[in-house]
Amino acid sequence: MSEVVFLSNTNIQIAVGSSVGNGVKASKLYSAPLPEGAVLNGVVMDQDLVIETIKSTWQQYKLPKSEVVLILNSPQLRANRIDAPIQSDKKTTDFIARATADAEYGRFTHPVTGWYLIGKDNKSKTSKIIYETAESDFVKTYVDIFEKAGLKLKSMHNGVQLATEFFAKAAAGKTVIYMILDGNSLVTIFFAEGKFNYDSTSRVFSQPGTPEFAREIYTSISSIRQFISAQHLEGALKDVMFAGISQPHVSSLANDVLNMDSEIDISVVTPPNGTSIADGPSAFPFYVYPIAGLRKIDEKLPILKASKQSNTKAEGAGFIKKLILPFAGIIAVVVIAFVVLTIYKANKQAELKKLNDYNNDPTVIAQVAEYDAMYENMGEIGTIQGGADLLNEDIDSYPKPDSSVNAKILMAAAAHDVDVGFNTYSATTGVFSITASSPIVDDINMFISDLMALDIFYSVDYTGYNLVTNADNESLWQINVVCTLAGAEPAAEADVVSETEGEVN
């Protein structure tokens with residue numbers, strides 16, 4: 001039996017069961033609320049509250065204290081797919097490290113990566129792999145939390161990718177969307193003719209059961225239709241399988257969307273074939289992630305093992321340094337002593353007396369004392385100057401939200417006849433918030449693509465489209481765009497010298 005724990009922003013879900021063939025058997029399902037603010041997007045904000053919740057949940061349901069699998073949906077636990085040549089596990093690990101060095105590792109200070117196999121294509125001699133990357137401290141935090149709660153983590157995985165693989169068999173040959181609502185976070189998984197195409201996570205602002213909620217969901221569906229058209233994919237999109245809300249809310253959503261588009265069929269997600277749930281299939285839409293976590297995966301390098309190996313290497317390097325440094329110091333002292341003794345032995349007694357007389361000269365002693373005082377003062381000045389230089393570099397690298405930023409945004413908008421409204425700018429985070437609108441949705445897509453290509457932005461994120469009406473009663477597509485400014489590049493030393501010389505001349 002396995003115990004799979006899914007932590008969201010609002011609750012903790014537990015599935016107890018096992019993998020059976022290509023399916024799963026869930027014998028028990030449990031849920032308990034998490035204190036508000038204890039976890040935010042998979043990041044623990046209050047360890048004590050999370051530890052206490054896990055302890056009390058295990059006590060309440062009298063769960064066995066065995067190894068558990070943790071499921072998270074967090075930008076701090078990134079999961080991606082990659083094709084690699086069929087080779088040994090060690091060579092595959094090295095291949096992943098090389099292939100993802102720039103794409104993933106640049107996002108983390110001390111990254112660790114685990115991976116598991118999801119399939120092989122013997123014809124093309126490639127392995128299909130999902131690799132998961134996180135900060136070493138992020139992984140260690142959860143290991144410590146479960147240890148303090150009296151449990152041991154067996155593995156840690158990204159929930160969206162587990163759910164995607166769980167639905168893959170049911171989606172075979174179909175063009176279908178799976179939507180999973182967790183609180184106000186909506187995960188969308190899209191299959192085109194049975195082939196996984198992409199997944200996304202967005203924020204939902206309306207309550208299920210309301211017309212506003214239906215409009216938000218329909219906007220997400222429409223954006224996927226645009227993607228299908230842009231990618232020239234075959235197969236018409238009709239089926240949408242929804243999880244995370246009750247059957248009445250799904251029925252209400254289906255009716256509201258049907259009034260907007262008669263070709264869309266929304267229904268409650270059903271367990272894939274081979275899934276057995278003791279509490280009945282009606283519980284499945286609310287426990288998708290932990291139930292998917294019961295499925296057996298071919299885990300080649302668990303991220304917990306990768307984290308442990310990384311920590312062991314770091315500790316080993318530190319131990320070697322501690323071991324070498326004392327011996328190196330002793331050898332240096334012996335060499336210096338040998339040289340000094342050789343010189344003293346070779347010198348004549350007269351020269352030794354002359355040196356002693358010089359060293360004992362009161363004038364020389366006074367000069368040495370003065371030099372020591374000056375040297376100490378110079379060290380203090382150097383420390384102050386170093387701090388000032390670092391502060392100057394930080395100031396120079398701070399994003400500069402001047403008029404040139406607005407000009408580049410407006411230039412990109414003008415190229416595609418898109419209207420732009422500047423909403424807010426946060427000096428603390430370097431985030432621009434703008435609103436883009438156009439009667440043609442593809443123009444907005446191209447405008448956002450141009451923004452992403454600008455080197456003044458570190459990242460460009462956007463929410464789903466909304467269909468609005470302006471003062472002239474014209475229908476416009478509107479989208480909220482969040483642009484995070486990139487840090488300014490400090491001037492190169494050679495450039496500074498060149499400018500200084502120009503001023504002197």
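**Group meeting: cores, a helix pair and salt bridges**

At 24% relative accessibility, Arg225 is partly exposed. Buried is under 20% relative accessible area, exposed is over 50%, and partly exposed is in between, with a 1.4 Å probe and protein chains only. We will come back to Arg225.

Some ground rules. This is a predicted model, so local features need pLDDT of at least 70 and side-chain atom pairs count only at pLDDT 80 or more, while totals for chains, interfaces and linings use all residues. Residues are numbered from 1 along each chain as its sequence is written, and side-chain values use heavy atoms, with hydrogens and water left out.

First, the inside. The largest nonpolar core holds 35 residues. By that I mean buried Ala, Val, Leu, Ile, Met, Phe, Trp, Tyr and Cys residues, joined through side-chain atoms within 4.5 Å. Phe167, Tyr178, Ile180 and Ile291 have the most contacts inside this core. Several elements each supply at least two of its residues, including strand E1 (2-7), strand E11 (176-182) and helix H7 (288-293). Which element gives the largest share? Helix H4 does, with five residues. Helices (H or I, at least four residues) and strands (E, at least two) are DSSP runs, numbered from the N terminus.

Look at Phe167. Setting aside neighbours within four places in sequence, Phe167 touches Tyr178, Ile180, Phe191, Val269, Pro272, Phe284 and Val288. Contact here is heavy atoms within 4.5 Å. Another core, of 33 residues, lies apart from the largest one. Among its members are Ala38, Ile145, Met156 and Leu304.

Next, a helix pair. Helix H5 (residues 211-230) and helix H6 (residues 247-260) have axes that come within 9 Å and cross at roughly 60 degrees. The axes are lines fitted to C-alpha atoms, for helices over the stretch in contact, with angles from 0 to 180 degrees between N-to-C directions. From H5, Pro211, Phe213, Ala214, Arg215, Ile217 and Tyr218 meet Leu253, Asp256, Val257 and Met260 of H6. The tally for this contact is eight nonpolar, no polar and two charged residues. Ala, Val, Leu, Ile, Met, Phe, Trp, Tyr, Cys and Pro count as nonpolar, Asp, Glu, Lys and Arg as charged, and the others, Gly among them, as polar.

Now the charges. There are ten salt bridges in the structure. Each is a side-chain nitrogen of Lys or Arg within 4 Å of a carboxyl oxygen of Asp or Glu.

Take Arg81 and Glu165, paired at 2.8 Å, N to O. This bridge links distant parts of the chain: Arg81 is in strand E7 (residues 77-85), Glu165 in helix H4, 84 residues apart. Arg81 is partly exposed, at 29%. Glu165 is buried, at 15%.

Glu212 and Arg215 pair at 3.6 Å, N to O. They sit three residues apart in H5, so about one helical turn separates them.

Back to Arg225. Its bridge to Glu263 spans 3.8 Å, N to O. Glu263 is in the loop between H6 and strand E15 (265-268) and Arg225 is in H5, so the pair ties together parts 38 residues apart in sequence. Glu263 is exposed, at 54%.

Last, backbone. Most residues other than glycine have a negative phi. Asn41, though, has a positive phi near 50 degrees. Asn41 lies in the loop between strand E4 (39-40) and strand E5 (43-44). Asn473 also has a positive phi, about 65 degrees. Asn473 is exposed, with a relative accessible area of 64%.
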